[in-house]
Amino acid sequence: MAVSQETIEQVNSVSEKYKYGFVSDIESETAPIGLSEDIVRFISAKKEEPEWLLEWRLKAYRYWLTMEEPDWAKVNYPKIDYQDIYYYSAPKVKDKPKSLDEVDPELLEVYSKLGIPLKEQEVLAGVEGAANVAVDAVFDSVSVATTFRERLEKEGVIFCPISEAVQTHPELVQKYLGSVVPYTDNFFGALNSAVFTDGSFVYIPKGVRCPMELSTYFRINAAQTGQFERTLIIADDESYVSYLEGCTAPMRDENQLHAAVVELVVLDNAEIKYSTVQNWYPGDENGVGGIYNFVTKRAACRGVNSKVSWTQVETGSAVTWKYPSCILQGDNSVGEFYSIAITNNLQQADTGTKMIHLGKNTSSTIISKGISAGKAQSTYRGLVRMGRKADGARNHTVCDSLLIGDKCGAHTVPYIENQNRSAKIEHEATTSKVSEEQLFYCQQRGLSEEESMALIVNGFCKEVLQKLPMEFAVEAQKLVGISLEGSVG
Amino acid sequence: MKTLSPLAQKYIDRFDSALETLPGAGDRNISTLRKSGLEKFSKLDFPNKRIEEWRFTNLASLTKGPANEDQPSTPALKHDAFKADYEVVFENGVFSKEKSRLEKLPEGVRLTSLAEELGGGAVFSLDEDDNRALIALNTAYMQDGLCLHVSENVEVPGVLAIRFVTNSSEPQNIHIRNRITLDGGAKLTLLEEHEGNGHYFVNPVTMIHLSDGAELKHYKHQNESLAAYHIALTDCEVAANASYKNFTLTHGARLSRNEMKTSILGADALSKLDGAYLLDGNQHCDTTSLTEHKVSQNVSEQVYKGVLAGKSHGVFQGKIHIFPDAQQVSGDQLSKALLLSDEAQVDCKPELEIYADDVKCSHGATSGELDEDALFYLQARGIPTDQAKKMLVAAFLGDVLEEIENDSVRQYFEVLSASWLERV
């Protein structure tokens with residue numbers, strides 16, 4: 001196989017370190033430090049929220065107070081002081097910008113530095129013939145810009161910050177918010193429900209195929225701030241949407257908390273394709289700094305023949321705790337999970353999925369690739385459950401781990417629960433290392449050791465990389481190389 | 001302070017009086033050991049479902065008082081006894097010299113009962129770091145068991161059978177402690193059988209140590225009363241060049257758990273844990289294993305198959321743990337379950353925990369019903385549905401039974417499986 005252009009690009013960028021680690025000097029407005037009912041009220045008031053939402057937040061906050069931080073995941077981190085975090089930070093603006101032209105140029109500068117186009121005529125760099133992508137840009141606690149809104153409105157698609165949707169489409173938000181991930185679900189989910197600040201809201205009406213990719217770009221900038229975004233996507237009957245999500249943060253010595261909740265609702269014959277490239281700052285080679293990424297993502301396939309496909313490339317964050325899941329309620333519904341988790345240096349990732357089969361003839365596929373290098377620990381943790389009524393349900397799971405170096409660890413913890421005899425479950429897992437033969441073969445053909453490693457690892461990940469939308473695939477392939485930088489030799 | 005389960009409280013309350021009747025009563029060391037066991041147990045209580053290793057097995061029916069009154073209290077299977085070369089019999093947890101046949105045992109084999117050893121000042125210890133409540137409880141209450149020592153390079157021909165027979169008209173709790181040591185190059189084939197009538201709780205703990213080049217084939221047949229609780233723990237240490245091969249056939253007990261921990265401590269060592277569980281009615285069977293590769297260059301293998309009928313519940317948890325620097329290790333594991341009824345359930349958790357890079361590990365797990373196509377194939381050739389199903393189940397089990405190396409034991413287990421199938 002000839003070396004492809006991507007591989008060369010990716011190898012070129014291997015020498016770059018975390019290139020999104022800059023800090024932007026943007027004046028921001030923050031809430032007082034710490035967490036209390038007053039802060040919850042403050043956030044709600046800032047967003048001019050209706051009474052029901054404040055009530056919901058307060059219920060979540062009070063419930064959260066009764067909960068204990070979970071410790072079952074295979075990750076170690078010092079205890080988080082929840083009173084030492086700013087729960088709200090927003091770039092200062094005089095008036096809300098009415099159009100993209102009014103957005104603070106400094107903010108636009110940040111996003112252009114990150115390679116995210118906030119101008120509508122542009123397409124993502126380097127990819128010809130790609131369709132336009134509508135972007136919602138979330139900066140710390142607020143959404144600063146959303147592109148292509150008019151074009152989407154013509155099709156009836158609602159794509160806006162969730163804080164705006166609360167004002168403009170309260171009936172939809174009230175109906176679905178918390179219906180997939182209730183505030184009682186888990187510790188970080190409850191925290192998010194109490195203090196979430198922004199995120200994207202998407203509604204695809206009946207029979208509409210969303211004309212472009214939708215995307216949200218999350219950026220943490222302010223120090224000592226937690227980011228708590230909430231995303232809600234509803235795909236009504238016979239609709240389709242592909243949604244992308246990206247994230248970066250500055251390099252800092254402190255650890256910052258990111259606890260998001262993503263809820264997807266899929267009705268009859270609808271499909272959501274949800275892709276994530278998670279590239280939060282992972283900390284330096286000594287494990288100093290980095291983001292704690294504790295995320296709850298769940299999709300409810302409520303309709304018949306509904307489908308959800310999660311694809312994730314997890315390269316960043318000091319600690320990752322994330323299990324995008326599917327509840328397959330509708331008959332014939334389909335859940336897919338494709339994941340690459342790369343950990344290097346002292347990163348820790350405990351990630352996987354849950355596939356809960358409730359409806360008849362539901363099927364799910366799980367492909368998980370974990371790569372550990374340096375002193376990193378990576379864990380696949382997954383659940384496949386076949387309910388009593390899931391006649392004819394199917395699951396196929398493959399999780400492979402690759403170890404690079406003898407100081408890292410790779411772990412697999414699948415839970416497989418079958419209560420229906422006509423359900424079929426297959427699970428396989430392997431762990432291995434890049435063999436000397438493979439490396440030698442590539443080096444013999446003139447590639448350096450690092451180039452060879454990147455090539456082999458990309459081959460290992462190929463099944464998952466193929467599932468990404470094209471714009472992301474290029475980016476993701478590069479990321480694979482960067483994340484493994486310094487792991488060879 | 002948290003409240004203990006009623007059964008745990010009972011154990012604590014009657015400990016002082018039990019101390020005087022349990023073997024080794026006069027010995028201060030033994031009393032101290034028992035006390036430390038009880039102290040640990042009283043901190044832990046019986047495991048509940050909040051403990052990760054016990055998430056699929058609920059002991060509430062055992063620990064909250066008498067239950068299963070309406071359960072049939074006979075063994076799952078009636079069968080002809082296996083013709084062993086040597087036989088050790090324990091009745092209601094007590095060694096029976098009369099029923100045991102040990103004359104033919106070759107020289108170099110020392111076989112005694114635990115009660116004897118405890119009376120004679122043998123040294124036992126409790127691992128402070130071990131947080132398994134049932135080992136702690138067993139340490140406090142161990143009453144008898146097998147103490148077996150095979151000297152260097154002694155190869156014991158034939159099969160040594162150990163039978164634990166329980167016949168209890170009243171509910172009782174039996175704590176057995178076995179200690180098996182094979183010196184360098186020793187070889188032994190063991191068949192451990194459990195059978196009984198009545199309501200009882202049996203808790204056998206077996207500690208095995210295999211020195212360099214020793215070989216132990218350990219077969220276990222669990223055919224307890226269908227009202228019984230059987231919670232067994234087996235720890236095995238395998239030194240360099242040694243091999244431990246275990247096969248467990250389970251079809252008895254209302255609720256059973258077979259927990260195995262194998263530590264591989266040397267190069268070119270092998271651990272092989274295979275088994276089959278055949279369940280019906282509302283039986284619950286839990287197989288939990290932990291295989292630790294502590295050093296480089298060794299192998300572990302595991303294949304388990306389960307057939308579940310009625311409302312039975314099967315659990316398989318298998319963990320392969322590879323320690324840092326344990327390179328060139330191979331660990332494979334496979335668990336398959338066949339569900340024969342709508343109400344049967346199987347939970348499976350194969351787990352890999354790996355801290356070394358030059359290793360090859362894999363696990364696979366499947367569960368489902370009989371293959372429709374295979375069934376149709378047989379029916380199309382004039383075989384009645386019932387018989388065709390039995391053929392397919394037998395073939396499914398045949399695969400794993402073939403792992404048994406000892407011919408006579410394999411044939412015995414094949415007959416047992418076939419007669420179980422006839423009944424279901």
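Me: How many helices and how many strands does chain B have?
Reply: This is a predicted model, in which local features need pLDDT of at least 70, side-chain atom pairs count only at pLDDT 80 or more, and totals for chains, interfaces and linings use all residues. Residues are numbered from 1 along each chain as its sequence is written, while chains are lettered from A and ligands numbered from 1 in the order in which they are written. Helices (H or I, at least four residues) and strands (E, at least two) are DSSP runs numbered from the N terminus. By that assignment, chain B has nine helices and 19 strands.

Me: What average pLDDT does chain B reach?
Reply: The pLDDT is the predictor's confidence in each residue, on a scale from 0 to 100. The model as such scores ipTM 0.86 and pTM 0.87. In chain B, 98% of the residues score at least 70, and the average pLDDT is 93.

Me: What radius of gyration does chain B have?
Reply: The C-alpha atoms of chain B fill a box of roughly 70 × 50 × 50 Å along the principal axes. The radius of gyration is taken over C-alpha atoms, and the globule rule is 2.2 Å times the number of residues to the power 0.38. For 424 residues a compact globule would have a value near 22 Å, which agrees with that of chain B, 21 Å.

Me: What percentage of the residues of chain A count as buried?
Reply: A residue is buried if 20 or more other C-beta atoms, placed from the backbone, lie within 10 Å of its own, exposed if 12 or fewer do, and partly exposed in between. In chain B, buried residues make up 50% of the 424 residues. Of the 489 residues of chain A, the buried share is 56%.

Me: Why is strand S10 of chain B largely enclosed, and with which strand does S10(B) form 10 bridges?
Reply: Eight of the 10 residues of S10(B) (residues 229–238) are buried, so the strand is largely enclosed by the rest of the structure. Two strands pair if DSSP finds at least two bridges between them; S10(B) pairs in the parallel sense with S8(B) (residues 200–210) over eight bridges, where B:Asp235 is the bridge partner of B:Met207.

Me: Which residue of S18(B) is the bridge partner of A:Ile416?
Reply: S23 of chain A (residues 409–418) and S18(B) run antiparallel and are joined by six bridges. Within S18(B), the bridge partner of A:Ile416 is B:Cys348.

Me: How wide is the arc that the buried residues of helix H4 of chain A cover?
Reply: The buried residues of H4(A) (residues 105–113) are A:Leu107, A:Val110 and A:Tyr111. The arc is that of the directions from the helix axis to the C-beta atoms. These three residues lie on the same side of H4(A), because their arc is only 90°.

Me: Which residues are exposed on the other side of H4(A)?
Reply: The cover over the buried residues of H4(A) includes strands S2 (89–91), S3 (133–139), S4 (142–146) and S7 (213–219) of chain A. The exposed residues on the other side are A:Pro105, A:Glu106 and A:Lys113.

Me: How many C-beta neighbours does A:Ser143 have inside 10 Å?
Reply: A:Ser143 is found in S4(A). Not counting residues up to four places away in sequence, A:Ser143 touches A:Asp136, A:Ala137, A:Val138, A:Pro161 and A:Asp198. The residue counts as buried because its C-beta neighbours number 23.

Me: Which residues of chain B are in contact with A:Ile425?
Reply: A:Ile425 is found in strand S24 (residues 424–433) of chain A. With 27 C-beta neighbours inside 10 Å, A:Ile425 counts as buried. Leaving aside neighbours within four places in sequence, A:Ile425 is in contact with A:Val384, A:Met386, A:Asn395, A:Ile416 and A:Asn418, and in chain B with B:Thr366, B:Ser367 and B:Gly368.

Terms used. Contact = placed C-beta atoms within 7 Å.
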